[in-house]
Amino acid sequence: MAVLDASQDRIEVRPSGPLEGSVIIGGAKNSALKLMAACLLVEGTFVIRNVPQIQDVAAMADVLRVMGVSITRDANTLILQRPAVIEPVAPYEFTEKLRASTAVLGPLLASMGHATVALPGGDNFGVRPIDMHVAGLEAIGCRFEFSAGQVQASVDNLVGDHVLLEFPSVGATENIMMAATLAKGSTVIDNAAREPEIADLAGFLNQMGAQVSGAGTSTITVEGTQELYSAEHTVVADRIEAATFLATLGVAGGEIILEGANHDHMAILCRKLEEMGVRTSSDPSGVWAMCQEPLRAVDVSTLPYPGLPTDCKPLLVAMLSVADGVSIVTENLFSERFRYVDDLVRMGADIRTEGHHAVIRGVDKLSGTTVRAPDIRAGAAMVVAGMAAEGVTTVLDVHHIDRGYEDLVGKLSSLGADVRRIRDDRSV
Ligand code: UD1
């Protein structure tokens, strides 16, 4: 999993004709990372298939390795060997790159009874606290101390209880679900997050011998067991990667197949895309999509699953920048997730933001310039905008895109997009 230093690489995007062909959608980043953390629960050899080759997975692998887990990769299959004894400490130099590193807390508490985890970095949009993780884990017997940028957690006996989440937090639901697998008695998580990645994690935990039911609904019940075993699993398709290709289709037009994608996991997004002029349907091999008309403006509002994912919002904002009419986009999850808008405005987009809202007046064309990828999805949105722009758009800070996308440029090129990656000589 050695990776080139891609920090100075850039992506050049030029307008292209309609997209055509099919592209394979990889395993979901947001599931793979949690499945990897779940391997901390018990000694043994785990096999996880369909794991994307992305930087966030490499960062999670580093977090687990520093604790003593050995990890090898064969193409998109990860083999994790979790020894009997591990060091339940995740230092800052390993967590700073990855907010999802907090997912080790639940499994470490359940298997070791204690954990020290440096508070992580990752995407930098707004304050992203872990108070709901803490409250939920406290409800089943854990104790927490925060000092010097790290959290020290411990538990004598995990005892199942009723946990009512203030908000259906994805990370909190997962941490509590993982910890509860080895608790005494049953834990009921109410107002649980319902994302497909949570159902995927529950499926993996059940393969390990856990008894989790209701994942994918807002009430999850975990009957604690005394013993878990290693397991094998295939990661669910990445609905946000699929959404990214749908966004590029929206601005370039054409007809594509997203192999392995699951239409049911993108129902509200696909309904919005339909209103905008992008047709989609379930296909035996995944999802079929076509766009043959100019995009139309729509209003969108992000919500927890099954609502419109916040991770899709920058992609939609890029599309709506060139749609016919005025759109209002409302962000309900992350307060400062409009930072990339300044670069879109520099490309000629007419977008005004106020608090949680953006008002977008569609323009005919954007114009290419140099922009930055501020985080994973907004970075991909810059590529989408570049496909809707005259001239050349150069996207810098490509390492953010690499955190969440396996070969975005190669996959887009295979569909006919004029996108290329320029390697930084200094990194070779
Ligand atoms: C996960 C995804 C992220 C996605 C998000 C929402 C991963 C690695 N990341 O992030 O891509 O955008 O779900 O779908 O899976 N919050 C608190 N206290 C907490 C926990 C969360 O206030 O203890 C707030 C957050 O700041 C945010 C909201 O709740 O405003 C939603 O966060 P959450 O669902 O927990 O997202 P993540 O698990 O961090």
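Here is a chat about the fold, the charges and a few backbone details.

Q: Before we start, what kind of model is this?
A: It's a predicted model, where local features need pLDDT of at least 70, side-chain atom pairs count only at pLDDT 80 or more, and totals for chains, interfaces and linings use all residues. Residues are numbered from 1 along each chain as its sequence is written, and side-chain values use heavy atoms, with hydrogens and water left out.

Q: OK. How many helices and strands in the protein?
A: There are 14 helices and 26 strands. Those are DSSP runs numbered from the N terminus: helices are H or I with at least four residues, strands are E with at least two.

Q: And how does the radius of gyration sit against the globule rule?
A: The radius of gyration is 21 Å, close to the 22 Å that the rule gives for 428 residues, so the protein is as compact as a globular protein of that length. The radius is taken over C-alpha atoms, and the rule is 2.2 Å times the number of residues to the power 0.38. The C-alpha atoms fill a box of roughly 60 × 45 × 45 Å along the principal axes.

Q: What share of the residues is buried?
A: Buried residues are 56% of the 428. Buried means under 20% relative accessible area, exposed over 50%, and partly exposed in between (1.4 Å probe, protein chains only).

Q: What about contacts across the sequence?
A: Of the contacts with a separation of 6 or more, 73% are between residues 24 or more positions apart. A contact here is heavy atoms within 4.5 Å.

Q: Switching to charges: how many positive and negative side chains?
A: The protein has 34 positive and 54 negative ones, and the centres of the two sets lie 3 Å apart. Lys and Arg count as positive, Asp and Glu as negative, while His and the chain ends aren't counted. Each charge is placed at NZ of Lys, CZ of Arg, CG of Asp or CD of Glu.

Q: How many salt bridges does the structure hold?
A: It holds 19, each one a side-chain nitrogen of Lys or Arg within 4 Å of a carboxyl oxygen of Asp or Glu.

Q: Which residue does Asp56 pair with in a salt bridge?
A: Lys29, at 3.7 Å from N to O. Asp56 sits in helix H2 (residues 55–67) and Lys29 in helix H1 (residues 29–38), 27 residues apart. Asp56 and Lys29 are both buried.

Q: And Asp156, is that one buried or exposed?
A: Exposed, with a relative accessible area of 61%. Asp156 forms a salt bridge with Arg143 (3.4 Å, N to O), and Arg143 counts as partly exposed at 41%.

Q: Where is Asp397?
A: In the loop between S25 and H13. Asp397 makes a salt bridge with Arg372, with the closest N and O atoms 3.2 Å apart.

Q: What's the phi of Asp397?
A: It's positive, about 60°, although Asp397 isn't a glycine. Most residues other than glycine have a negative phi, and most peptide bonds are trans. Asn50 also has a positive phi, near 60°, and it's in the loop between strand S3 (44–49) and H2.

Q: Which residues does a cis peptide bond join?
A: Tyr305 and Pro306, with omega about 10°. Pro306 is in the loop between strand S18 (300–301) and helix H10 (313–320).
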